[in-house]
Amino acid sequence: MFKEKRKLKQAYRKMIAGLLAACMFASLQTNFAFASPNEQSLTRLPGVVVTASSNLYKNNSGKTIDGNVSGDNYTWISNHNVRPHWLKIQLPSEKSISKYVLHHYGVFGDKSLNPQSFKVSVSMDDVNWTQVDQVERNIYDVTQRTLSTPVTARYFKVEYISPEQSGSGGGTEARLAEIELFSSSDAVSTLYNKAPVLTLNNRTVGYTGEPVNWYADGATAPIAYKGGVDYTQIPLKYLYKRRGTLDPFTETAPSQIGQYDVKAVFPGNETYNSAESNVALLTITKATIKLSLESQSFTYTGINVPMTGGVSYPIQVPYIYKYKALTPGATWKNAPPIEVGTYMVKADFAGNDFALGAESNETTMKIVPASTKVNWPELNTLLSGLTAKQNTPVDTVINGKYMTSGMLMGNGTFGVVSDALRNQQSYFLASGNAWSYKKIMNARLTFANGDPIVPSPPSPPPPFTFDSSNSILINNQKDNEANPQNYSPAYAFDSNEGTEWISYSQKVSQTTGLPRPLEKWVSVQGREPFTFNKIELKHHSVLFPDEVKYNLYNYDIQTSNNGVNWTTIKSVTGSVYSSVYSNTFDFAAPITTKYLRVDTTTPVNPQYATLHFPNDMTSARITDINLYNNGSNVINPPKLDNGRFSHERDILNAEIRSKMEYNSNLVSYKTWVADDQNAMFTNVTLDSSSSGPQKVKIQLSSPTTEGVVNATGTDRNVIWLTRDNETGFVFRGATATKVIKGNYQLGADNVIMLTLNPGETAKIATVLYTHSGLKVPAGIGSILVNKDLTTVKNIALQKLNAITEASIDTARAYHLNWWKNYWLKSYVKLDDPVIQNYYYTTLYILGCAIRQTPDWAEQPNVVGGLNGLFNTNDTSAADGHAVLNYNYEAPFYGVHSSNRTDMLQPYYADAVNSLSFEQQRTAARGYQGT
């Protein structure tokens, strides 16, 4: 009885609730209009007309209302030669429009071809238009927008501002797969999936020591970029936690061996709904190492010859080589062989906590006799005599893009330019992989006088001053075009073939199409009248032999006693001298004057004046103007060498030595770059004749460049500097310096203050560690970044702190042996000392700048652009670009003929990787290629 009453009560309550709900629904219906979510687009009405600014081939505008978004054949594409790009819908009659949906190219194709910005307008009469919406920074495949206020219109137009994404590499066409217009703001397009479907599959990966970021092969969604990091329509966030624990999910990617739960989360945005994937299992196991060994051949040196450069592997492990002679009963040994012969060799890894053991294939290793044509004592003597030496100090480091003086060293991974000034020794460090949008340097290490500098007595006024037409043209810009460099007129009179004076260029006449005949000149003025009987004029081709066309064409050599009235003492007309490096003019009677100048209005042959670079062709160029009187250089007489300054490059031992005065104390430097690590070692010695202790200020610095973040600091007894560029090709580099032996104190501003006693030598070590590449692959062989800047800095500190005096001695022995073997690869002896010097100097520069990637390198060697590994600033000539033309290839022309084929490997790798990149870029543009 009780149960029956309760059932009646429940039925009665349901009835009352139903009546109330019905009443409420009826009331709501009287106040609101409900639209069907499946409302048909207005563009599907009969009589709709579509027109566009242009059509590319068969991709006409009518395809935007066919209800199909499956490919190019159903997509409108405009002609890139017809601008602006627009598409217009004409409805059969005036309609109310509350919402529009645009299905861009990315719904089925390359997402970089989605429009970046566009605006939407409506009209009643196709004459008077009103803008109702504008979209900026679009990255989505589908634009679904509700207008702020519904409009009534018959015409609807989309006008493209930026029809493609920035840097897409396309032809800047507008593309649209489908357009939909709705009267109701609640209408839903049925042509795309608004709710992302995120799916994670279980993964098992081998240990690498680096975080396993799931995006490398993770969540997939029909409307998301797969594997995208920087540019993704659905910015997936991956969350991790160790499996079987109650730990919360975090964004920290795991790196240690174990099992982890992973899920992908998308918070949603104005175009797509939020979504969350299933929880997948990520298993990190011990790495499986595959050691692959190739045969190698070495030249006999009389010492143990260890196998090098033959093993490839997915991650670096501490493998060892084992060797066995080809004799019956021979056993595997760890010690490398010494004697000439053929040996079996293999690489062996015992395994550890992070990787399984592995053994490579067995191959052969040969030690061949040194060529009987190579006489090492004779070659040693020859190379010792090719030491380049600078005995005259200079006061400036860099002029424009070029150095007044500089000497090079390097190990194929990073290069060093040494610069010795009057009282300062600098080393400019640069790695091949240091890039922002142009080539940049890594750091400048400076050794300077740390004691108060004793003022020098005032110098007398200079005996000569210099001027040029540039000083006048600067204030007369309407008649010339400013040359980007300020080439000092003193360069024309410095007796230095490494510098030149270049005049400003002038505009081309709009009437004749030729450069205006504007006077250009460079002059010297003596404080007192000077006398000469011979003039040597060295042309531009002395500095750049392949640019003879820049040599002076017509010019006058003139003298004056007041700088106003000029007398021509030599006139050159036509191309008689334009094809030679220099001209010499002797005068029967000595000439005494206070001013001398070279004047021209036709600096180059007119036939070159309208070449591809007309501005360059209107400049006058002079490398040197040397005046002699009875054989003595009038302006630059020989300077006496007092033995208190020198800067020399020793190519035999691949080291640079210098000495200079700090006040009256003589300080000398000996520096070399290691060949088994990215380290530079410097010995600093105070001469025993010094009157007392000397302080030397050691400092790390770098330029300030847009887009590159610099940071400096100290870590216990180390000073460090980092440079970070995160745009495009990412570069992260760290330089660290410490005193290995010597008395010092750390100071402010990233400084070490070293104190030397007479006769004492201090040892300084500098480590360079870099990490660079792309965040997302751009072709086969792409170098990717996986270490953050903090890790890069810490690795540099770790490597520096591992250096001891004993390890420096070991590195020194390896360094000398590497260069000895390098020189033994080929040998020439020529009767012409100039060509012979050029041959060996060029080989030395190649040995410093270009090498096969060594075993100890964590990333492959790269050529480093047009300047190789040698950068003294962030504004190098041609921005240090890496361009695959003859400028880039020229350093490799002689590697085969000089028996150094292995040096071609970095160029070969660059060429192969570039081919893959270009193939991928071609495919992304819709071309099949060949």
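Arg 851 lies over the face of Trp 818, at 3.5 Å from the ring centre; a charge counts as over a ring if NZ of Lys or CZ of Arg is within 6 Å of the ring centre and within 35 degrees of the ring normal. This is a predicted model, where local features need pLDDT of at least 70, side-chain atom pairs count only at pLDDT 80 or more, and totals for chains, interfaces and linings use all residues. Residues are numbered from 1 along each chain as its sequence is written, and side-chain values use heavy atoms, leaving out hydrogens and water.

**Rings and charges**
- The charged end of Lys 263 sits over the ring of Phe 249, 4.5 Å from its centre.
- The structure holds 25 aromatic pairs, meaning rings of Phe, Tyr and Trp (its six-membered ring) with centres within 6.5 Å; planes under 30 degrees apart are stacked, over 60 edge-to-face and the rest tilted.
- The rings of Tyr 100 and Phe 156 have centres 5.6 Å apart and planes at 55°, so this pair is tilted.
- Ring pairs also link a cluster that includes Trp 818, Trp 819 and Tyr 822.

**Around His 540**
- With a relative accessible area of 2%, His 540 is buried (buried is under 20% relative accessible area, exposed over 50%, partly exposed in between, with a 1.4 Å probe and protein chains only).
- Leaving aside neighbours within four places in sequence, the residues in contact with His 540 include Glu 500, Tyr 550 and Arg 621; contact means heavy atoms within 4.5 Å.
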